Number of protein chains: 2
Amino acid sequence: MSTPGRGLHGHVLDTLGPEITAGEYPPGSVLRTDELAQRFDVSRSVMREAVRVLESMYLVESRRRVGVTVRPKSEWNVYDPQVIRWRLAGADRPRQLRSLTVLRSAIEPVAAGLAARHATSEQCAELTECALGMVAHSRGHKLEGYLLHDVAFHRVILEASGNEMFARLGDVVAEVLTGRTQHDVMFEDPDPAAVTLHVQVAEAVRAGDAARAEELTREITVGALQELDILAP
Amino acid sequence: MSTPGRGLHGHVLDTLGPEITAGEYPPGSVLRTDELAQRFDVSRSVMREAVRVLESMYLVESRRRVGVTVRPKSEWNVYDPQVIRWRLAGADRPRQLRSLTVLRSAIEPVAAGLAARHATSEQCAELTECALGMVAHSRGHKLEGYLLHDVAFHRVILEASGNEMFARLGDVVAEVLTGRTQHDVMFEDPDPAAVTLHVQVAEAVRAGDAARAEELTREITVGALQELDILAP
DNA sequence: GGTGACAAAAAGTCAGACTTATTCATCACG
DNA sequence: CGTGATGAATAAGTCTGACTTTTTGTCACC
């Protein structure tokens with residue numbers, strides 16, 4: 001995924017971004033453009049472009065006569081897909097995963113409710129197809145296939161909500177679900193109850209039952225929270 | 001409060017960003033770096049830095065031999081504070097305001113519930129202070145003072161949730177609330193019921209009653225939705 | 001009609017010189 | 001002593017021009 005190697009400045013970012021988001025430079029640390037350019041063996045122009053990008057992510061601030069200072073974590077643009085990916089690849093991956101899962105638990109039920117109101121018939125069909133795909137891959141260690149349909153399912157829900165802010169979280173959810181399968185929990189077949197819930201959500205959306213779609217999705221996200229030992233109220 | 005005039009490339013962005021987010025260039029439009037540099041009377045280096053930033057916001061894509069092509073709206077990083085500001089300042093401000101208010105309605109109740117569990121005593125004190133400030137400015141056309149405390153209130157809630165993703169939405173909520181007061185609805189004193197709800201939320205958080213804090217906040221956000229004629233389920 | 005070579009176009013890269021704002025230290029003055 | 005002005009050092013900011021690389025479109029040729 002991502003967009004690696006789109007030029008020299010991209011390569012610089014692929015190294016420097018993870019370093020910063022991993023907290024290797026404490027807030028207030030000062031980097032010098034010239035030194036960085038030397039370190040990465042690129043020209044100052046290229047280095048400057050990379051710094052501009054980091055600046056637009058609120059990871060650093062460039063000031064005359066001072067240098068490039070690292071901003072405190074609390075100011076980072078944590079919704080930037082690139083930042084999310086860097087952090088998921090780094091040391092505070094568990095923390096990031098928890099934050100994102102809580103975010104999901106807030107967004108997805110509401111999105112499902114809206115989807116029940118706004119989904120087109122094509123989207124309903126896609127949803128059903130995804131749910132059936134999940135069922136088909138729910139037994140016998142077909143985790144890759146299951147994941148594929150799971151991701152697609154949640155993507156469709158978010159898009160069908162008709163809210164662009166929700167729709168853009170599709171990538172984030174995909175990242176979380178993928179990470180969960182690849183690294184963390186879920187060593188064996190998925191929880192049958194979760195699979196059933198997805199099927200029921202698809203039904204509720206098709207039926208236009210917003211309240212039911214919302215509640216069922218809430219149950220799904222509560223399950224996700226519990227997997228990470230995050231207590232549900 | 002943005003960060004205007006942080007260099008020539010910033011000035012370019014202040015013009016070009018709003019143009020793109022306003023949809024002046026349809027998706028797939030091609031811009032040339034050299035022409036843009038001429039238009040803004042800056043060097044190519046400066047123009048390239050600006051393009052890099054636009055690229056990191058997924059507004060454009062720069063490809064060799066082709067030029068800088070504008071991406072479809074569906075790919076924009078709509079969570080970038082800069083993009084949000086540009087769009088709020090532009091033509092589809094109403095649409096943006098609706099999206100963000102729906103987002104609020106999903107996030108803030110959950111955040112309030114978490115705040116009831118995690119808020120420090122200092123945060124509880126701040127919250128009460130904000131709520132009282134709202135009460136004090138709720139009558140007699142003191143909209144500026146009311147807004148100030150309202151913004152602070154929601155900021156504290158989001159921060160007290162302990163979730164960094166929620167915390168970073170403080171600026172967005174501030175933007176929405178400010179916009180609402182300055183341009184749109186709310187010509188006279190705020191709804192007394194809303195004021196009361198804020199006080200009650202502060203109480204619930206202090207008491208550690210997560211369910212009550214969540215439900216009361218949900219009522220607040222439902223009110224915000226209704227102000228924009230967005231039907232509540 | 002498909003295939004491959006060639007040429008044009010635009011972004012990408014680099015090096016070097018110059019400008020400008022900011023900070024810090026020094027020093028004179030109250 | 002403090003305090004404020006002065007000036008020098010510093011690192012980012014900017015510009016220019018030359019060169020490279022990749023991609024694409026075209027055109028001849030099979």
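Tutor: What follows goes from the overall build to helix packing and then to the DNA contacts.

Student: What should I know before reading any value?

Tutor: The model is predicted: local features need pLDDT of at least 70, side-chain atom pairs count only at pLDDT 80 or more, and totals for chains, interfaces and linings use all residues. Residues are numbered from 1 along each chain as its sequence is written, chains are lettered from A and ligands numbered from 1 in the order in which they are written, and side-chain values use heavy atoms, with hydrogens and water left out.

Student: How many helices and strands are there in chain A?

Tutor: Chain A has eleven helices and three strands. Helices here are DSSP runs of H or I with at least four residues, strands are runs of E with at least two, and both are numbered from the N terminus. The order in chain A from the N terminus is α-β-α-α-β-β-α-α-α-α-α-α-α-α. Its C-alpha trace spans about 60 × 35 × 35 Å along the principal axes.

Student: Why is H6(B) called roughly antiparallel to H10(B)?

Tutor: Two packed helices are described by the angle between their axes and the distance between the axes. Axes are lines fitted to C-alpha atoms, for helices over the stretch in contact, and angles run from 0 to 180 degrees between N-to-C directions. Helix H6 (residues 121-136) and helix H10 (residues 192-207) of chain B pack at about 165°, with axes 9 Å apart. Angles under 35 degrees count as roughly parallel, over 145 as roughly antiparallel, 65 to 115 as roughly perpendicular and the rest as oblique. The angle of about 165° therefore makes H6(B) roughly antiparallel to H10(B).

Student: Which hand does the crossing of H6(B) and H10(B) have?

Tutor: H6(B) passes H10(B) in a left-handed crossing. A crossing is left-handed if the near helix is turned anticlockwise from the far one by less than a right angle, and right-handed if clockwise.

Student: Which residues of H6(B) and H10(B) meet?

Tutor: Contact means heavy atoms within 4.5 Å. On the H6(B) side the residues include B:Cys124, B:Leu127 and B:Ala131, and on the H10(B) side they include B:Val195, B:His198 and B:Ala202. By class, this contact of H6(B) with H10(B) has ten nonpolar, two polar and one charged residues. Ala, Val, Leu, Ile, Met, Phe, Trp, Tyr, Cys and Pro count as nonpolar, Asp, Glu, Lys and Arg as charged, and the others, Gly among them, as polar.

Student: What makes H1(B) oblique to H2(B)?

Tutor: Helix H1 (residues 8-21) and helix H2 (residues 33-40) of chain B pack at about 120°, with axes 11 Å apart. That value makes H1(B) oblique to H2(B). Their crossing is right-handed. B:Val12, B:Thr15, B:Leu16 and B:Glu19 of H1(B) make the contact with B:Leu36, B:Arg39 and B:Phe40 of H2(B).

Student: Why is H1(B) described as roughly perpendicular to H4(B)?

Tutor: The axes of H1(B) and helix H4 (residues 81-88) of chain B come within 9 Å and cross at roughly 70°. That makes H1(B) roughly perpendicular to H4(B). This crossing is right-handed as well. B:Leu13, B:Gly17, B:Pro18 and B:Thr21 in H1(B) meet B:Val83, B:Trp86 and B:Arg87 in H4(B).

Student: Which residues come nearest to DNA strand C?

Tutor: Of the 22 residues around DNA strand C, A:Leu8, A:Arg63, B:Thr33, B:Arg48 and B:Arg65 come nearest. A residue is near a strand if one of its heavy atoms lies within 4 Å of it. Sugar or phosphate supplies 77% of the atoms of DNA strand C within 4 Å of the protein, and bases supply the rest. The surface near DNA strand C divides into five nonpolar, six polar and eleven charged residues.

Student: How do you know that B:Arg65 makes a polar contact with DNA strand C?

Tutor: A polar contact is a pair of N or O atoms within 3.5 Å; within protein, one must be able to donate a hydrogen and the other to accept it, and residues adjacent in sequence count only if both atoms are side-chain atoms. A polar side-chain atom of B:Arg65 lies 2.7 Å from a sugar or linking oxygen of DNA strand C. A polar side-chain atom of A:Arg64 lies 3.4 Å from a base oxygen of DNA strand C.

Student: Where does B:Leu8 approach DNA strand D?

Tutor: A backbone N or O atom of B:Leu8 lies 2.5 Å from a phosphate oxygen of DNA strand D.
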